[in-house]
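Reader: Could you walk me through how to read a model like this one? I'd like the general idea for each feature, then the case at hand.

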Amino acid sequence: MSLRFLDLARPSRQHWLGYLLLLPAVALVALIIVYPLFVSLDLSFQKIGMATLSAPRKPFTLENYHKLFASPDFWNSCWVTIKLVVVVSAACFAVGLGTALLVNNRFKGRTLARLFVALPWAVPEVIAVVIFAWIFDSSFGLMNWLFIKLGITSQMINWFSEPTAAFWVVAVTMIWKGYPFVSIMTLAGLQSIPEDFYNAAKVDGANAFQRFWYITIPVLMSVLGVTSVLVVLWVFRDFSIIKVLTDGGPLKATQTLSIMTYDQAFGFFNMGYASAIGIVTLVLCVVASLLMLGRKSQAMY
Amino acid sequence: MKTIGKYAVAATVTAMLACAASAAPASAEVLKFVSWQKDEKGIGDWWGSVIKEWEAKHPGNTIEWTKVERSAYSDTMTTLFAGGTPPDIVHLASFEFQTFANNGWLEDLGPWVEKAGLELDGWSGQDICNFQDTTVCIMMLYYGTIFGYNEEMLKQAGVDVPTNYEEFLAAARATTKDLNGDGIVDQFGTGHETKGGGGQYIAEMASYLFDAGARFTNAEGEVTIDTPEMVEGLTRWKTVVKENLTPRDLSAGEVRKLFADGKIALKVDGPWIYSIMQQGAAKDKLKLASVPFDPPLGGSSNILAMPSEISEEKKQLVWDFIAIATSDKFQTSFATLAASTPPSPRADLTEAKAQIPHFHLMAQSQKAAAEHKIDRIPIGLEIQFNEFSKMIQEEAQRMIIEDLDPAAVAKTMHEKAEALQ
């Protein structure tokens with residue numbers, strides 16, 4: 001009886017085999033994603049400095065969230081994160097889409113052009129940051145030399161000591177590192193559009209802009225939707241570029257939520273407070289993703 | 001006879017079990033030691049010699065020495081302690097151990113010191129290890145700064161080697177130059193890191209502040225920032241940075257390299273500057289002298305400690321390691337191998353003085369700084385030091401960026417420091 005019950009070859013039991021095969025992966029995901037998430041959520045409701053797994057749980061409190069929402073630093077970090085998300089995502093899409101359309105055309109040296117477009121994506125993030133740190137070095141950097149030679153400025157710009165300049169240095173570095181992803185995804189999307197669509201539109205008298213607006217963009221929307229979610233999430237959580245370039249400074253001009261979380265956790269050892277920031281960041285990311293995916297599905301061609 | 005035989009067998013088995021029980025941990029013990037100094041020339045060699053001595057004294061036991069980069073050190077140690085797997089030999093920077101001690105993660109070394117009869121009177125910087133009335137660590141380096149200068153640059157600018165702040169400022173101004181007239185300064189009077197973390201930023205400012213008579217807190221731990229001395233110190237810092245007498249936004253390592261390569265005229269730094277000077281393009285032009293600030297900046301650097309939650313057997317082994325590192329023999333070899341001033345007053349510095357021409361400068365500076373109890377970590381703000389230093393850095397940056405009055409900045413710093421306590 002029991003053997004028949006466990007007979008996975010029976011048609012009525014075959015779906016059990018699927019669940020059984022999925023079990024190791026689900027267990028692994030639960031262990032490395034769900035468990036830390038739960039620990040983080042739990043810590044966010046405790047007034048705790050350094051967290052120790054073996055230590056007894058501290059009393060439940062909402063103090064971390066009260067402190068967080070009353071903190072000007074938190075709102076400043078939200079503002080910096082939103083600014084960075086908007087600027088970097090918009091620029092990545094503009095440059096990425098532009099370069100994808102460019103290298104989708106047939107011309108001599110197209111393979112080389114595609115290679116150059118994708119190159120920043122292949123460069124490790126830390127190396128890219130070191131290159132940009134040198135380009136924007138306030139005393140010996142290429143950008144200052146160029147600006148002075150071109151007469152754009154008469155004195156050195158302290159790129160990392162001026163809040164506005166530092167923000168743009170971070171944004172430019174992220175755009176350079178991020179646009180190839182949009183470009184590659186878009187290029188893949190462009191290559192899946194049947195040529196017949198454009199030929200039919202040409203017969204109907206549509207000009208280049210109309211073909212782009214009424215054929216290319218709608219067909220690409222599904223690709224752009226997923227890409228936008230991934231790019232926004234990348235900007236939201238990116239840590240290394242800002243950490244190495246500016247460490248969130250000067251005057252918190254580049255302090256995003258991820259930098260604030262790190263500082264509170266490993267700089268000031270406020271694990272409970274840092275967990276609260278992490279949870280709020282997670283909620284913001286989920287909301288942003290849902291909104292974007294919702295928009296995408298409505299805008300499908 | 002049969003009974004005797006039974007007893008003999010039982011005794012043999014018991015003896016074998018006892019031997020196995022006592023020998024097993026002794027032969028299999030591996031102490032974990034994490035440090036950022038593993039591959040550092042000089043100091044790394046010294047740690048290696050301490051490990052070798054410990055292993056020779058504990059046959060069969062080993063020390064597993066792992067390097068973790070300084071930039072990731074605090075995070076790594078926090079994670080190890082939080083996860084319940086701390087290294088057995090705890091090596092921490094002197095500005096970060098307080099948080100670990102405050103969490104109860106570090107053993108009180110007082111009884112161990114007493115039992116071993118380790119005399120810590122006159123041990124430079126050891127006061128800092130006395131945390132909340134317990135000895136939570138042993139200071140491994142308390143250094144005094146030395147002053148490097150580019151002789152050729154000073155000669156070309158027609159200035160003498162500075163001996164006080166006013167002369168230092170005049171020399172820095174005279175040696176900051178745009179050599180090829182392209183509008184870009186190519187040579188700087190002095191060099192400071194203005195980009196890194198708060199702790200380093202405070203260390204960079206500290207010479208100007210201490211020379212002006214300013215202190216962040218008094219001996220009782222009360223905040224003393226809103227004073228005329230601090231206003232003067234902040235004014236000096238603002239002058240040096242605002243007038244671009246130092247390159248901006250570089251890391252400490254980059255600034256040292258520029259000095260070694262002849263792009264910076266004057267540099268106040270720790271004992272490690274000498275080995276960097278020796279590798280630079282301008283090494284023949286670089287000289288050392290007494291620091292032109294009084295008192296010279298000194299500071300605690302790193303400590304040895306023991307985790308509180310390891311077995312008693314392991315604690316004994318860790319203490320043996322600490323005992324070797326703090327012995328007269330190894331404190332003496334610290335001076336020659338690490339080319340630095342050992343904290344022990346009993347170290348024999350004769351060989352180090354004979355080998356290292358500027359050793360007397362380091363020793364003088366260390367002594368003067370220790371006498372004035374100079375340290376970048378203010379009393380009463382040890383646990384909050386990271387937040388405190390970040391606040392000081394931000395307010396000092398704000399003063400420079402927004403061209404604020406140093407008096408107003410001192411007042412703001414004072415209020416924020418009090419709020420942190």
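Author: Let's start in chain A: A:Asp247 is buried, as 21 other C-beta atoms lie within 10 Å. Burial is a neighbour count with C-beta atoms placed from the backbone: buried means 20 or more others within 10 Å, exposed means 12 or fewer, and partly exposed is in between. This is a predicted model, where local features need pLDDT of at least 70, side-chain atom pairs count only at pLDDT 80 or more, and totals for chains, interfaces and linings use all residues. Residues are numbered from 1 along each chain as its sequence is written, while chains are lettered from A and ligands numbered from 1 in the order in which they are written.

Reader: What phi does A:Asp247 have?

Author: Most residues other than glycine have a negative phi, and most peptide bonds are trans. A:Asp247 isn't a glycine, yet its phi is positive, about 55 degrees. You'll find A:Asp247 in the loop between α11 and α12 of chain A. Those labels come from DSSP runs, numbered from the N terminus: helices are H or I with at least four residues, strands are E with at least two. A:Pro250 sits in the loop between α11 (240-245) and α12 too, and a cis peptide bond joins A:Gly249 to A:Pro250, with omega about -10 degrees.

Reader: And where is B:Asn244 in chain B?

Author: In the loop between α9 (228-242) and α10 (252-260). B:Asn244 is not a glycine either, and has a positive phi of about 55 degrees. B:Asn244 counts as partly exposed, with 17 C-beta neighbours inside 10 Å. For a cis bond in chain B, look at B:Asp294 and B:Pro295, where omega is about -5 degrees; B:Pro295 is in the loop between β10 (286-289) and β11 (298-305).

Reader: How many helices and strands does chain A have?

Author: Chain A has 13 helices and zero strands. Chain A comes out at 25 Å, well over the 19 Å that the rule gives for 301 residues, so it is more spread out than a compact globule. Its C-alpha trace spans about 70 × 60 × 30 Å along the principal axes, and buried residues make up 32% of the 301 residues.

Reader: How many residues does each chain give to the contact?

Author: Residues are in contact if their C-beta atoms, placed from the backbone, lie within 7 Å. Here chain A gives 26 residues and chain B gives 23. On the side of chain A that touches chain B, α7(A) gives the most, with three residues.

Key. Contact = placed C-beta atoms within 7 Å. Rg over C-alpha atoms; globule rule 2.2 N^0.38 Å.
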